[in-house]
Amino acid sequence: MSTTTSTVASHTAAAKSVARRRETWASARTYISAAVIVIWCLLPVYWMIVTAFREVGYTYDSAPFFTHVTLDNFKTAFSSEMGNHLDRALLNSLFIAGVTTIVALIFGVFTAYALARLTFRGKYLVLGVILGASMFPGVAIVTPLFQLFGNIGWIGTYQALIIPNISFVLPLTVYTLTSFFREMPWELEEAARIDGCTQGQAFRRIIMPLAAPAVFTTAILAFIAAWNEYLIASILSNDATQTVTVAIARFAGAEPHQEPYTAVMAAGTVVTIPLVILVLIFQRKIVAGLTAGAVK
Amino acid sequence: MSTQLEPGAIPGRKTARKGGANKEVGQDRKEKTQGRAASLLVAPTLIVLAIVILYPVLNAVYMSFQQDEGLDPVTGSFVAGGFAGFANYIHWLFQQCETPTGPASCPPGTLGAQFWSATGVTFFFTVVTVFFETVLGFWMAVIMARAFRGRTVLRAAVLVPWAIPTAVTAKLWFFIFAFDGIANSVFQTDILWTGSQGPAQAAIIIADVWKTTPFMALLILAGLQMIPAEVYEAAKVDGASAWQRFRLITLPLVKPALMVAILFRTLDALRMYDLPAIMTNGANGTTTLSILVVQQIRVGFNAAAALSTITFLIIFIVAFIFVRFLGANAVESASGGAKGKMK
């Protein structure tokens, strides 16, 4: 009797230790995979930053840490003598992406509210049209716009860059906001009305604070989309209105026939760091916003 | 701004709630009372989209049937524009060019001779990048779905490539793949990455996979998180192996989200422009349809309009096939349809 119990006990103990070992192994595998992903995602960016701070003569140095550190590349990037004008390009991008975002939000908020909250005929058609619009190839509108804007002398103006940007930022705004709005606890608004709030009060005190994070997240996504745009800007801008993406693609260095890699990496760092910081701070919200339109 | 319009919508909704006794009548009244508010709210967006998308596209279609003005290659005299019928389309689809002896196939190297190769390159890039992005994205999503300390770090890291502008990504990978660059030095190779077809295509594919896999992973992750944990527990109790759980539970349940993610990425890849434009400018077998359109814009925009219309139709057909035959219902999942309710 006692022998059987002890064998059973030792068996379960053995099984437990096997299970525990298996668990440790599984969690180790998770950590290894996670480390591989993090390194794969960050290593190229790390390399960009290392190169941005390297002296031009050591452009191709393969030392994996910061060596021959200098700030000259940032000077080159902002230098107007070499025609780089990164400062002007940054302001252009800020203005174009900013206006695009604001316009898209003003129109998008109302449409998203209707799509999320109201029942009406043709709702699915509207959703389909908006989703279809966001999938639209940029070249299909840039070709006619190049001629149209050319005829009215708009090439190189800000409106020529903002208007086509709206074509893809507005649909993005609408469907991200729609899925956010659908998840909001709208009953609270009615509860507030029952408790004696006026419509305006209910909107100000209940709906606005509830909707603000959704609108804010959508604004970040819209801004990043507009900020990163290249195709339209490369065709419809001129030297004075070119955006950062175009400026970086056309960068010039001290040597005429040599790709100014260190300066390009410096410019890339300047353009990227604000976005990366923004993304890291609002990571959770951005992930929710990115996937909201597609899955929920 | 929103305070002005919002109140108009709210009474409409309240009336609708009252009509809940008879469901069908209520539904009807709801549609009527909310319809007006909805059209007020939706119309501005549709009008804006009509101005910024529909109008240019109709314009492009009109342009595509016009002759490009210019100098006649044979006589050197000025050729006026005017109705051209399907000439621009024939020019691209059959790669026919005007020559002194009448229409003949376009000489190699000219833009006109590149339509089918550009189509091939575009589809090649699309299939390869979307394949790798799906497989790697799935793997990343599975890892991200696990509960472990440091998961926040992983999710934040994954967002970094997504946030970087494609133009910067292109320059960054161009530098990594430079002849004296880090890729050759790490792998002890001396490949001229952007100098010949195979390596140039590989470089672009790697850069694209690096940049967009995170987006794919996050979409798949969102799909994975909608699968209730109890389903896995039940399967475990029933003795299903890890592989069986993956094949019989994860895959079918994540399929709607996965199909939508693949649809999004495919349509995005079909219009690929930034990476090849900056890394190779279309040299060495990397000319995509978008690049060909942009190169043609500088030469003659009516022919470019025909090509952009063809590009648009190709993307439309692919989207149609996805939605119709592969069950990627983007509208339904975006509108919180049956599939989205599985929480």
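**Before you click**

Residues count from 1 along each chain as its sequence is written, while chains are lettered from A and ligands numbered from 1 in the order in which they are written. Because the model is predicted, local features need pLDDT of at least 70 and side-chain atom pairs count only at pLDDT 80 or more, though totals for chains, interfaces and linings use all residues; side-chain values use heavy atoms, with hydrogens and water left out.

**Stop 1: chain A as a cartoon**

Start by colouring chain A by secondary structure. Of the 296 residues in chain A, 53% are buried (under 20% relative accessible area with a 1.4 Å probe and protein chains only; exposed means over 50%, and partly exposed is in between).

Now pick A:Ser179, in helix α6 of chain A. A:Ser179 counts as buried because its relative accessibility is 3%.

**Stop 2: the cavities**

How many cavities of 30 Å³ or more does the structure hold? Three. A cavity here is a set of points, on a 1 Å grid over the protein atoms alone, where a 1.4 Å probe fits but cannot get out; lining residues have an atom within 4 Å of a point. Grid points are joined across faces, edges and corners, and a volume is the space filled by probe spheres set on the points.

Select A:Phe168, A:Ala225, B:Thr166, B:Asp268 and B:Arg271, which lie nearest the centre of the largest cavity among its 40 lining residues. Its volume is about 1200 Å³. Helix α6 (residues 158–182) of chain A gives the largest share of the lining, five residues. By class, the lining splits into 23 nonpolar, 10 polar and seven charged (nonpolar is Ala, Val, Leu, Ile, Met, Phe, Trp, Tyr, Cys and Pro; charged is Asp, Glu, Lys and Arg; the others, Gly among them, are polar).

For the second largest cavity, about 60 Å³ in volume, show its lining residues, including A:Ile96, A:Leu161, A:Trp227 and A:Glu229. Helices α6, α8 (199–227) and α9 (231–236) of chain A each give two or more residues to that lining.

**Stop 3: the largest pocket**

A pocket is an open set of grid points with protein on both sides within 12 Å along at least five of seven lines. The largest one holds about 1200 Å³ of space. Of its 24 lining residues, those closest to the centre are B:Val142, B:Arg146, B:Tyr232, B:Lys236 and B:Arg245. Which helix gives the most to this lining? That is α1(A), with seven residues. The lining has 14 nonpolar, three polar and seven charged residues.

**Stop 4: salt bridges in chain B**

A salt bridge is a side-chain nitrogen of Lys or Arg within 4 Å of a carboxyl oxygen of Asp or Glu; the whole structure has five. Centre on B:Arg265, whose side chain meets B:Glu133 at 2.8 Å, N to O. The partners lie 132 residues apart, in helices α10 and α4 of chain B. B:Glu133 counts as buried because its relative accessibility is 0%.

B:Arg265 also bridges to B:Asp208 at 3.3 Å, N to O, and both are buried. Then select B:Arg271 and B:Asp268, both seen at the largest cavity: their salt bridge is 3.0 Å, N to O. B:Arg271 is buried at 18%, whereas B:Asp268 is partly exposed at 33%. Shared partners join B:Glu133, B:Asp208, B:Arg265, B:Asp268 and B:Arg271 into one network.

**Stop 5: a backbone detail**

Finish at B:Gln188, in the loop between α7 (182–186) and α8 (197–224) of chain B. Its phi is positive, about 55 degrees, although B:Gln188 is not a glycine. B:Gln188 is exposed, at 72% relative accessible area.

Key. Helix = DSSP H or I, 4+ residues; strand = E, 2+ residues; numbered from the N terminus.
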